[in-house]
Amino acid sequence: MTTCTTCPYCGVGCGVLATADGAVGAEIKGDPNHPANFGRLCSKGSALGETISLDGRLLQPRIGGEDVGWDTAIGAVATAFSDAIRDHGPDSVAIYGSGQLLTEDYYVANKFMKGFVGSANIDTNSRLCMASTVAGHKRAFGSDTVPGTYEDLEEADLVVLVGSNLAWCHPVLYQRLAAAKAARPDMRIINIDPRRTATSDLVDLHLALAPGTDVTLFNGLLTAIMERGATNTAYVADHIDGLAEAVRTAQTSDLSDTGLDMREIAAFFDLWIGTKKVVTVFSQGVNQSAAGVDKVNAIINCHLATGRIGRPGMGPFSVTGQPNAMGGREVGGLSNMLACHLSLEDADHRAAVQAHWASPAIASKPGLKAVDLFRACANGRIKALWVMSTNPAVSMPDADAVRDAIRSVPFVAISDMFGDTDTAKLAQVLLPAAGWGEKSGTVTNSDRTISRQRSFIPAPGAARPDWRIISDVATAMGWAEAFAYERPADIFREHAALSGIAADLGVDFDISGLTGLTDDEYDTLAPVRWPVSAGRRGGRFFAEGGFFTSNKRGKMIAVEARMLAAPITPARPFRLNTGRVRDHWHTMTRTARAARLSQHIAEPYVEMHADDAAKAGLCPAVLARVTTDHGEAVLRVMISGRLRRGEVFVPMHWTARFASAGRIGAAIPGVVDPISGQPELKGAVCAIQPLQPRWYGFALGHGPLPEALPTDYWALATTKTGWRAELAAHTDPEDWSDLAQEICGGRGDPITLLDAARGIVRIAFVEDGVVTGALFTAREPVALGRAHAVEIFDAEPDVNTLLAGVPRTGQTDPGATICACFSIGVNTITSAIFEQGLVSVDEVGAALSAGTNCGSCRPELESLLRATRDRDPAPIAAE
Ligand code: SF4
């Protein structure tokens, strides 16, 4: 049976058709009827069926490493929370949740903490994702309202992407945009990002501005709008306050701070001002900043001044990182919000929520935001902590300190699908949570569309949905009546009813029209964009004013440009940017289980400009130590022409489970935006030095990923039959065969090739004619086609072919994977481009199938084509 559900990764919120295969996988297709994707899926969504195995799953509650029953585990959490509240007050307990939670889970968690515990100490990893947008929206609109829709990106004549690598981070939205541009070649796209990314290959103009100067650039735009008389005077007069002061402040910004050529800036201003239908899309490059809220308002100011908001093809548009960041915002998932966009600081709002919940208490002040929450753990204020479906020991800034802080809390419970995350290892109590495909509820995507996630396989072992775990704890603490939910629909109806009350109090979020859904209607609920009330369904906001401020007028905010918090110094000469790669999601707890998602980029890396690498004594593919005042990471060096000199990029995904020293969060200081509390994850300063190991290595093994490897450096990735690992060590072993056996778990006889002169060792173990493991080492980074080696190892090769490390006559090394869907590597594609004279992505697709399924690799195919034509920087994929 095929089930309509929703992808659990990014904020695009694509509809998925899932058909369980009866074993531990599922066939996955895009839902052609879902308004977010119309059948498209990216590489991550397409591989969802490969990530639902039981590998690493937590199947039973555990206390102190021992399996226990649910009653015992629930009792332990309830007792720890009750004791802490009794002895130290409600603010001594905390929950740290996740944008992975479904809206129903999120709602119940917030009700539990804010209405029954009586503390707002519940924050979420959405604080790391879009808290600055929430605050910016509220300052400008009086509410956290996304004014527009995805269709606006397609209907615009100009789309400006700010701090957004849409091609990799919101791939289906990128595909929609690319299709719109292909259909209307006059459409213009501008990309504002210090880095040239896969997204930049689509655009007409890439502005590689200096990091942190977005406010300066948009203040310059606002000034130009004013100087050229391009304000919409009628709209401003009728609906907007603050224009004069915003412009006055904007005029103090110095555009030379952006580091951009003035002609580029002029081209941007001309296009923006001269194009009525303009959408400005912004994402983590804007949000994850100590000036994130000001950046959001600098963008919104330009749209308010011109009245370009809430009309087809016009408006500021935030794309969220998390699958249910928006749902979390709707239920008050952040520690400074109440459910249904109501305000914690407003006594009438608090009274309305408390009455709806019939709760004994209601939090009356904002709780601790994420960074402060873990600092409170470290300084002993938090006595009991419950982490739900997230991995803060990796994803938070100052991650080592966060890890130590969690470890220091007297009682820590984790509810998660997996018991082997970096954070789960710190908990006394592990609560097995149902995961994607097993649980049911709703999520809201970046354009306010609420979609159902539906279960299509049973939860394994004793795993339960989060809403039920929370309700069970609440019941054990004496609040059974308020948490007597039998199914997610019960929670949804309660939430929808509260939204009607909220709307009566003047709030934007209103799904009261769904309050009366029957269980069957909830089960079959089609995607629907809020608001959904008696008088309104979906649509856009603010074209005719109607803001949610006290005087119903939108507000332009005077925002001053500020420099990044950490200055470049001789000891820390590089600006450290962080972000995502195409085929991994967050801390890899799910995507790292899929072999095809692990081949595109199989190791954490630091990307940098060739001139910087040369100055630092670094060559391509060596290992480097990236050091900040807070911590360090050891990473593979990737040299490209995509970064400005003095800036480096490191992906944020790798954890201690997959790499010995790849947790870049450990090196990021906990500097936050003063309003939103969102950490600055893209503005640290660092030093980079060569690691200079005695030897480098590459290993292949069958079976499950090892816990760790006995070398100074290692990075693991999943393959079809097992795993691959990059290695390095500072000393030679006494016996290479013993070390090889220990690393790859090879069974049978070792077959060894030694080239003492070049320090090359190659060892494979053969049992009954089958190669069971292999190790390749060299004094330099091992020169070996990884994709080729993995391919022949998986195919039970002739050992001599494997150890030779080069393709035999008639074989080819496919090179680093570009197309994950069809496992097509860069060498295969480049050869085809040359030999067959291919000139377009569609021709590459016709020749090789690359890019014809999910389409996530199409920007890289375009880049490869361009590289062969123009000798542009190489595509981003790395082995
Ligand atoms: Fe999932 Fe990809 Fe769609 Fe995002 S773009 S929701 S990751 S399929």
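Which residues in H3 meet which residues in H19? The structure is a predicted model. In this model, Glu 104, Asp 105, Val 108, Ala 109 and Phe 112 of H3 meet Asp 466, Trp 467, Ile 470, Ser 471, Val 473 and Ala 474 of H19. The residues of this contact comprise seven nonpolar, one polar and three charged.

Two packed helices are described by the angle between their axes and the distance between the axes. Helix H3 spans residues 103-117 and helix H19 spans residues 466-476. Their axes lie 8 Å apart, and the packing angle is about 20 degrees. Angles under 35 degrees count as roughly parallel, and H3 and H19 are therefore roughly parallel to each other. The crossing of H3 and H19 is left-handed.

An open sheet is formed by three strands in the order S17-S18-S19. The pairing is antiparallel. Strand S17 (441-444) and strand S19 (528-529) are the edge strands, and each pairs on one side only. Strand S18 covers residues 449-453 and is joined to S19 by two bridges. Ile 450 has Val 528 in S19 as its bridge partner.

Another open sheet has six strands. Their order is S28-S29-S27-S32-S31-S30, again with antiparallel pairing. Strand S28 (713-718) and strand S30 (749-755) stand at the edges. Each has a single partner strand, so one side of each is left without a neighbour in the sheet. From one strand to the next, the twist averages 15 degrees. Strand S31 (residues 760-767) and strand S32 (residues 770-778) run antiparallel and are joined by seven bridges. Arg 762 has Phe 776 in S32 as its bridge partner.

Helix H24 (residues 736-744) packs on this six-stranded sheet. H24 touches strand S27 (695-702), strand S29 (722-729), S30, S31 and S32. The direction of H24 makes about 60 degrees with that of S31. Helix H25 (residues 786-794) lies across S27, S29 and S32. H25 runs at about 30 degrees to S27.

Confidence was examined along the chain. The average pLDDT of the chain is 94, and 98% of the residues score at least 70. Over residues 872-879, pLDDT stays under 50. For residues 872-879 the model has 35 contacts beyond four places in sequence. Where pLDDT is low, the predicted coordinates should not be read in detail.

Definitions and conventions:
Residues numbered from 1 in each chain as written. Predicted model: local features only at pLDDT ≥ 70, side-chain atom pairs only at ≥ 80, totals over all residues. Heavy atoms only, no water. pLDDT = per-residue confidence, 0-100. Contact = heavy atoms within 4.5 Å. Axes fitted to C-alpha atoms, helices over the stretch in contact; angles between N-to-C directions. Helix = DSSP H or I, 4+ residues; strand = E, 2+ residues; numbered from the N terminus. Parallel < 35°, antiparallel > 145°, perpendicular 65-115°, else oblique. Left-handed = near helix turned anticlockwise from the far one by under 90°. Nonpolar A, V, L, I, M, F, W, Y, C, P; charged D, E, K, R; others polar. Pairing = 2+ DSSP bridges.
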